[in-house]
Number of protein chains: 2
Amino acid sequence: MAHGDDGWRIRRTTADVDRLDETESIFALSNGWVGWRGTLDEGAPCGMPGSYLNGFHEQHELTYPEGGYAFPERSDTVISAPNAALVRLWVDGEPLDLRTGTTRHHHRELDLRAGVVRRETEWVSPAGRGVRIRSTRLVSLPRRPVAAVDWEVEPLDGPVRVRICADLLANERVPERADDPRAASIIHDPLTAETGRQDGVDGVLVHRTERSGQRVAVAVAHRTEAPDEAVTDTELTDDRFRLALTGALRPGERIRVTTFAAYECAPVDGTPAGELADVVVAEAEAARADGFDALLDAQRAALDAAWATADVELDGDPELEQAVRFGVFHLLQAGRGDADHTIPAKGLTGNGYDGHVLWDTEGYVLPVLTYLAPDLARSALRWRHAHLPEARERATELRLTGATFPWRTLGGRECSGYWPAGSAGLHVNADIADAVLRYVAATGDTGFRAECGAELLIETARLWHGHGHWDDRAAFHLTGVTGPDEYSALVDDNVFTNLMARRNLRGAADAAESCPEVADRLGVEPSEVAGWRAAADAVHIPYDHKRGVHEQSAGFTEQPEWDFAATGEDDYPLLLHFPYQELYRKQVVKQADLVLAMLRCPGDFTADEKARNVAYYEARTVRDSSLSASAQAILAAEVGHLDLAYDLFAETALQDLADLGDKTADGLHLASLAGAWLVVAQGFGGLRDDRGVLSFEPRLPRRLTRIAFHLRWRGQRLRVTLTPETARYELPDAGPGDTVELWHHGEQLHLTGTTPVSRPMPPVPTVGPEPTSPRGRRPARR
Amino acid sequence: MAHGDDGWRIRRTTADVDRLDETESIFALSNGWVGWRGTLDEGAPCGMPGSYLNGFHEQHELTYPEGGYAFPERSDTVISAPNAALVRLWVDGEPLDLRTGTTRHHHRELDLRAGVVRRETEWVSPAGRGVRIRSTRLVSLPRRPVAAVDWEVEPLDGPVRVRICADLLANERVPERADDPRAASIIHDPLTAETGRQDGVDGVLVHRTERSGQRVAVAVAHRTEAPDEAVTDTELTDDRFRLALTGALRPGERIRVTTFAAYECAPVDGTPAGELADVVVAEAEAARADGFDALLDAQRAALDAAWATADVELDGDPELEQAVRFGVFHLLQAGRGDADHTIPAKGLTGNGYDGHVLWDTEGYVLPVLTYLAPDLARSALRWRHAHLPEARERATELRLTGATFPWRTLGGRECSGYWPAGSAGLHVNADIADAVLRYVAATGDTGFRAECGAELLIETARLWHGHGHWDDRAAFHLTGVTGPDEYSALVDDNVFTNLMARRNLRGAADAAESCPEVADRLGVEPSEVAGWRAAADAVHIPYDHKRGVHEQSAGFTEQPEWDFAATGEDDYPLLLHFPYQELYRKQVVKQADLVLAMLRCPGDFTADEKARNVAYYEARTVRDSSLSASAQAILAAEVGHLDLAYDLFAETALQDLADLGDKTADGLHLASLAGAWLVVAQGFGGLRDDRGVLSFEPRLPRRLTRIAFHLRWRGQRLRVTLTPETARYELPDAGPGDTVELWHHGEQLHLTGTTPVSRPMPPVPTVGPEPTSPRGRRPARR
């Protein structure tokens with residue numbers, strides 16, 4: 001293994017078996033359809049196994065001590081498809097297990113350009129027999145159903161007898177997680193065997209779920225290399241297909257097993273079990289026929305193409321450069337452009353939040369993918385569109401109008417079991433609308449708008465229009481909602497929600513006019529459009545004139561202050577140490593809310609307001625949510641507090657690599673990783689496009705000597721390079737006639753062809769002292 | 001059975017086996033310690049069996065789809081002690097079961113003066129054999145552990161062979177109730193047998209609970225009368241002791257079985273099982289030795305004494321006169337003065353609300369018992385005092401100060417599984433304080449104040465003082481609480497809560513000064529007392545100047561109006577058809593809240609304000625809670641809408657006798673029944689005593705020609721008689737030196753000795769049209 005190139009490789013060289021679950025998330029591989037957690041090949045020790053398919057889930061009942069009308073009665077929870085990545089090893093009868101014997105050397109790395117996880121271990125068994133294991137795993141980006149493991153063993157010092165079992169295993173045991181509301185519900189043995197068969201060294205298993213009505217088929221095709229005397233046998237049971245090799249290895253000899261797996265799932269009333277088995281067998285065999293090297297080549301080619309846009313360079317901070325790339329890699333492999341697939345909050349890297357999709361997707365992940373891989377953003381938005389029927393039903397159930405998308409879901413229905421921080425978070429609907437508007441503005445994809453986007457905008461606008469009410473001073477209010485900050489709930493006129501609803505209402509009005517055939521089909525009358533515009537114009541934005549700041553929601557700034565002096569380090573996260581009834585009624589902010597409003601709707605605030613709001617809310621925001629740091633960083637940068645911005649940037653970028661929240665074990669925080677790219681582009685690059693116009697107000701933090709990043713805009717790849725003196729904009733792939741218009745610190749620039757345009761970086765405005773953070777909650781200084 | 005005297009007997013003459021559970025509640029008997037539901041003697045058919053002991057319960061786990069800090073993890077739920085009231089009968093081999101054969105006659109009655117339930121049934125078996133059954137049941141008011149059944153059978157037409165089984169049965173099967181958040185959690189087979197024994201025809205069973213750590217012993221002593229040839233046998237198993245008689249009866253012959261039962265319970269680490277058995281055996285045998293007639297005599301004597309104060313006469317409406325007596329009877333038998341016993345929301349008449357104690361007790365039941373049977377009120381308040389340790393612990397857990405009493409409990413700990421309508425309802429603490437203040441004012445019981453009352457007042461005042469905050473205009477706010485109206489939640493400055501907290505704070509300050517030794521023991525400094533008084537003086541009371549009404553809580557009158565025009569009859573109760581997120585944010589009121597504030601704190605509102613507030617809130621109150629009608633009635637009477645008041649009076653009085661809420665099956669609504677007496681005394685009598693002064697502003701409704709009621713005040717029994725022309729006040733039991741001061745429509749009267757004082761009834765002020773109720777929600781016109 002090469003050891004240069006650190007910016008592109010994430011390494012772990014100790015086998016910290018107590019923190020395996022954390023590395024399993026970091027080393028997770030996915031192609032947006034199949035997701036394999038980065039478990040050790042041998043399956044034990046294991047933090048939490050996971051081999052997921054996008055959307056594959058089971059349902060379980062939700063029971064309440066005191067129920068209520070429209071409380072969801074069932075929830076989806078992600079479950080593992082059969083695991084094809086297991087290669088177990090016995091050395092002279094003793095199982096390879098890093099908790100026993102001696103680990104002389106252990107090394108794993110995620111190669112961000114190759115798209116593989118490599119592993120090398122030298123282990124001496126308790127009886128003193130040494131072996132070296134090497135493996136390479138990939139989940140194929142170009143070949144949707146395919147994942148593969150290339151594994152080999154050789155003796156270290158002297159001859160050994162080995163037994164190797166490459167397992168395809170269903171219903172792998174998943175441990176119960178700690179008692180934390182953010183953990184997953186575990187369903188044991190969720191899969192029921194339907195059929196299985198074997199053919200030589202290959203096998204296939206087909207299972208179904210009991211309640212969610214899904215069928216899953218997984219095939220493995222094996223290639224083995226072994227000394228002639230090695231014995232091969234196989235075993236097929238309901239839940240396992242096993243290929244076993246037994247033999248003796250002398251120094252210089254080795255056994256190699258390559259598993260080519262293929263995954264597919266379908267509704268139980270769709271493709272029959274036998275046919276689904278045929279499909280995956282054919283895919284696995286085709287992958288084997290092409291060979292592991294061909295998979296590696298195709299993987300690298302796909303990533304080369306992606307990195308051309310996705311790469312970020314941060315001269316001066318290699319650790320964060322690597323961290324941003326790590327985050328972008330996980331975003332890219334979480335999505336899939338060739339079907340209507342969404343991206344759960346943890347991607348396919350773990351079962352945290354039950355594998356649910358939350359507003360993290362539209363609020364954080366899609367704003368990145370829209371610029372880096374717009375087909376993935378489109379696919380996720382198409383998935384929302386496909387679930388409009390459930391959202392309309394939910395609106396009816398809740399006695400609301402239009403469509404109400406679920407706060408959390410896998411299958412499309414509301415799965416939130418705590419409504420004040422679930423169904424009341426209506427802003428998810430505006431977040432979806434916002435993502436539609438951004439995607440259409442950045443891509444110019446009018447086909448998507450006509451097919452899906454306009455309908456999403458219109459049905460969510462109908463929600464807001466029906467939910468709001470007019471007071472007798474002709475102001476339009478949205479009451480009884482929960483905004484992004486989950487330490488407040490059921491508030492009136494949450495500024496974020498109100499401004500985003502305004503954007504949604506106006507976007508719907510524009511879409512109804514641009515897509516008259518969609519408007520007709522949905523029965524939109526001109527009067528309805530006029531009503532949306534009127535409501536948007538009249539949306540009430542509460543402002544505290546005495547304090548000179550916006551109220552996060554009506555009355556927020558009059559609430560009691562939180563006693564930070566009496567709050568110790570061990571009291572965080574507050575939600576585990578204080579009741580909601582204390583958190584909700586006080587001025588303590590879990591995560592950026594008003595600050596996020598200033599990021600999403602920058603034109604609705606003056607520069608002075610932004611500066612005062614940043615200071616006010618920084619002092620009250622504890623960042624108990626990983627969604628917070630990026631928005632705080634971006635606004636801190638905008639108002640000129642670049643050191644604070646940089647430290648917040650580090651926090652969001654290192655959320656998982658440093659496991660800052662101690663929750664990486666449950667899966668990666670994709671929104672936090674997305675936030676790292678957003679801080680680069682929106683914080684330091686000053687990128688804004690909320691009015692459909694691309695503008696930059698770049699400001700380089702002191703720590704960096706150069707930033708380079710790219711984004712796609714109306715089909716062009718734009719490269720932005722920032723140094724302390726100069727901002728350079730160029731279109732590296734453009735032809736002579738291609739142009740992009742953008743603004744740099746208020747100056748309009750016309751980029752044409754490949755000619756870069758450079759402009760000076762204005763000095764950062766002089767600002768006052770850094771805003772105060774709550775005691776002990778300032779991000780670590782870099 | 002005599003059929004005169006209808007005002008004192010509640011009769012049911014049909015055996016509506018589909019509504020048995022409703023009559024089981026109505027015919028429930030209790031002495032505040034033992035409670036027997038009014039099941040049929042033969043145990044089948046049965047709606048819901050129940051033989052309760054005050055405080056006897058089991059615990060079960062509460063699980064949440066998404067938990068939270070300080071969400072209760074366990075709840076208490078009432079369970080049945082072994083049932084000693086069963087007398088089964090087989091007629092020529094066929095079981096007596098009203099669902100089979102022919103019921104020629106069936107009659108049950110609750111005699112409110114005798115304190116018994118009598119039953120007479122003539123039944124012809126499917127094979128044509130006729131029998132007459134008679135039984136009389138009582139739960140002895142003077143003898144705490146004792147309950148008894150006197151039962152007999154005789155042939156109707158010709159000879160019959162009968163088998164009679166008098167059963168003492170543990171773990172009687174309880175059916176699951178409908179899926180309604182207000183129903184009980186059923187624990188099957190909650191009792192584990194510890195020991196049992198028999199002695200001739202007598203038996204005793206001792207069981208324990210698994211989790212709540214309670215032991216229960218029940219003994220039965222039998223007396224039988226039967227023809228000589230009848231055969232007696234007995235059978236003892238873990239869960240049943242059975243006395244069986246088998247024999248033939250010719251016309252004119254009969255078999256009579258009298259069961260004398262005794263109940264006791266103790267902590268499992270308290271009295272050992274064998275000793276507890278000895279205790280109840282001795283009690284049962286003693287009751288048998290005295291005989292059933294002696295029990296009847298003592299029962300009637302106890303009730304004669306109680307009715308001397310408790311009786312209410314309503315000339316002109318015998319149905320409601322009976323209904324008020326029915327309610328008072330159930331209040332009297334729900335409490336117990338000789339121990340620290342509370343009164344659950346359903347008394348001991350059913351398992352609704354899991355048998356929990358809620359604010360119904362202090363808010364509705366104790367205001368009645370304070371005047372009619374003050375020892376029962378004292379006992380219930382002593383029970384609260386006994387659970388101060390848990391309330392202090394809960395305050396600490398919630399990060400609050402002082403004591404926080406549970407929203408619902410049996411054993412003393414919070415059992416609410418939905419905190420916005422549970423733990424957030426902090427007003428329960430002020431309701432307890434209010435009940436303490438009323439009890440002390442009405443009785444002058446300074447011993448209780450020193451022993452319990454002052455501590456209750458001080459610890460709850462500490463809650464309010466710590467919870468509130470001062471704004472920069474020196475107003476004191478209580479935010480993030482839920483008031484009585486459960487269609488709003490987590491509101492700021494709920495007027496009811498704020499005014500009641502003020503009363504609590506001032507009451508505590510007075511108590512600290514009156515009871516310096518208590519204040520010393522609790523570390524109360526003069527500065528703390530000054531702080532309570534300052535907070536009380538500065539409590540903010542939101543008022544809408546534009547509309548000229550008080551805001552139920554801050555901003556209420558600016559919320560969207562509920563669309564009553566679009567709300568159909570089937571949409572009620574709204575909580576079963578609309579989500580909380582719609583209910584909470586709109587101007588729809590489940591139950592009197594601001595109106596209740598005007599009842600509890602009448603001096604804080606002008607007459608004009610009361611009239612405007614009544615009209616405003618009447619139009620928005622749907623009475624989906626049975627707690628509502630009485631407060632609405634009293635305020636309607638006060639502001640002069642006597643017809644509306646009378647119709648609301650009928651609703652609260654008939655809540656259970658007419659099963660208006662279709663929930664009587666789960667147990668009686670004691671608060672609603674208490675409300676009936678309160679409407680008589682406070683609504684038509686105009687009784688107020690919130691400042692420790694007894695005042696009346698009586699107003700006779702048109703329907704009645706005379707009202708007479710009594711109440712105890714500072715040890716005296718005061719009789720109040722109202723006619724259209726005259727109000728008469730007298731002290732029938734007073735000696736020559738005894739005096740009571742009271743006010744009649746603003747005139748101070750000094751009652752001395754037995755001389756009645758009469759004053760004219762002033763005319764009811766002319767008022768405008770009756771306030772509008774929500775469509776379809778006006779109470780039925782009488």
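## Domains and overall layout

Chain A is assigned two domains: domain 1 covers 81-283, and domain 2 is made of 418-458 + 471-622. The centres of domain 1 of chain A and domain 2 of chain A, taken over C-alpha atoms, are separated by 46 Å. The model is a predicted one.

## Contact between the chains

Chain B meets chain A through 37 of its residues, which are in contact with 37 residues of chain A. On the side of chain B that touches chain A, the largest share comes from helix α13 (residues 580-583) of chain B, which gives three residues. By type, the residues on this side of chain B are 19 nonpolar, twelve polar and six charged.

## Nonpolar cores

The largest nonpolar core has 483 residues, and the members that touch the most others are V218(A), A219(A), A261(A), V218(B) and A219(B). Domain 1 (81-283) and domain 2 (418-458 + 471-622) of chain A each give at least three residues to this core. V218(A) has contacts beyond four places in sequence with A81(A), P82(A), A84(A), L168(A), V204(A), L205(A), A261(A), Y263(A) and V280(A). Another core, of five residues, lies apart from the largest one and includes L20(A), L40(A), C46(A) and M48(A). In soluble globular proteins, nonpolar side chains tend to be buried together.

## Annotated positions

An unreviewed UniProt entry gives the annotation "binding site" to W359(A), D360(A), K590(A) and Q591(A). W359(A) sits in the loop between α4 (318-334) and α5 (360-372) of chain A, while D360(A) belongs to helix α5 of chain A. W359(A) counts as buried because it has 22 C-beta neighbours inside 10 Å. D360(A) is also buried, with 27 other C-beta atoms within 10 Å. Not counting residues up to four places away in sequence, W359(A) touches V428(A) and D431(A). With the neighbours within four places in sequence left aside, D360(A) is in contact with A345(A), V365(A), L627(A), L670(A) and A671(A).

The feature "active site" is placed by UniProt, in an unreviewed entry, at E486(A). E486(A) is in the loop between β22 (476-477) and α10 (495-514) of chain A. Its 23 C-beta neighbours inside 10 Å make E486(A) a buried residue. Leaving aside neighbours within four places in sequence, the contacts of E486(A) are A421(A), K590(A) and S625(A). Of these, K590(A) is one of the positions under the "binding site" annotation.

## Strands and sheets

In chain A, strand β5 (residues 57-61) runs antiparallel to β6(A), and five bridges join the two. One of the pairs links Q59(A) with its bridge partner in β6(A), D76(A). Strand β6 (residues 74-78) of chain A has four of its five residues buried, so it is largely enclosed by the rest of the structure.

Chain B has an open sheet of five strands in the order β8-β7-β13-β18-β17, with antiparallel pairing. At its edges stand β8 (94-95) and β17 (231-237) of chain B; each has a single partner strand, so one side of each is left without a neighbour in the sheet. The partner of β17(B) is strand β18 (residues 240-249) of chain B, paired in the antiparallel sense over seven bridges. Within this pair, T232(B) has L245(B) as its bridge partner in β18(B).

## Backbone features in loops

Most residues other than glycine have a negative phi, and most peptide bonds are trans. Chain A has exceptions to both. A cis peptide bond with omega of about 0° joins A44(A) and P45(A), and P45(A) is in the loop between β3 (34-36) and β4 (51-53) of chain A. Another cis peptide bond, with omega of about -10°, joins Y572(A) and P573(A). P573(A) lies in the loop between β24 (549-550) and α13 (580-583) of chain A.

L490(A), a residue other than glycine, has a positive phi near 55°. L490(A) lies in the loop between β22 and α10 of chain A, and counts as buried with 23 C-beta neighbours inside 10 Å. H745(A) is not a glycine either, and its phi is positive at about 40°. H745(A) is placed in the loop between β29 (739-744) and β30 (747-752) of chain A. With 15 other C-beta atoms within 10 Å, H745(A) is partly exposed.

Technical notes:
Residues are numbered from 1 along each chain as its sequence is written. Chains are lettered from A and ligands numbered from 1 in the order in which they are written. This is a predicted model: local features need pLDDT of at least 70, side-chain atom pairs count only at pLDDT 80 or more; totals for chains, interfaces and linings use all residues. UniProt positions are given in the numbering used here, feature names are shortened, and annotations may be inferred rather than shown by experiment. A residue is buried if 20 or more other C-beta atoms lie within 10 Å of its own, exposed if 12 or fewer, and partly exposed in between; C-beta atoms are placed from the backbone. Two residues are in contact if their C-beta atoms, placed from the backbone, lie within 7 Å. Domain bounds come from an automatic or database domain assignment. Ala, Val, Leu, Ile, Met, Phe, Trp, Tyr, Cys and Pro count as nonpolar, Asp, Glu, Lys and Arg as charged, and the others, Gly among them, as polar. Two strands pair if DSSP finds at least two bridges between them. A nonpolar core is a set of buried Ala, Val, Leu, Ile, Met, Phe, Trp, Tyr and Cys residues joined through C-beta atoms within 7 Å.
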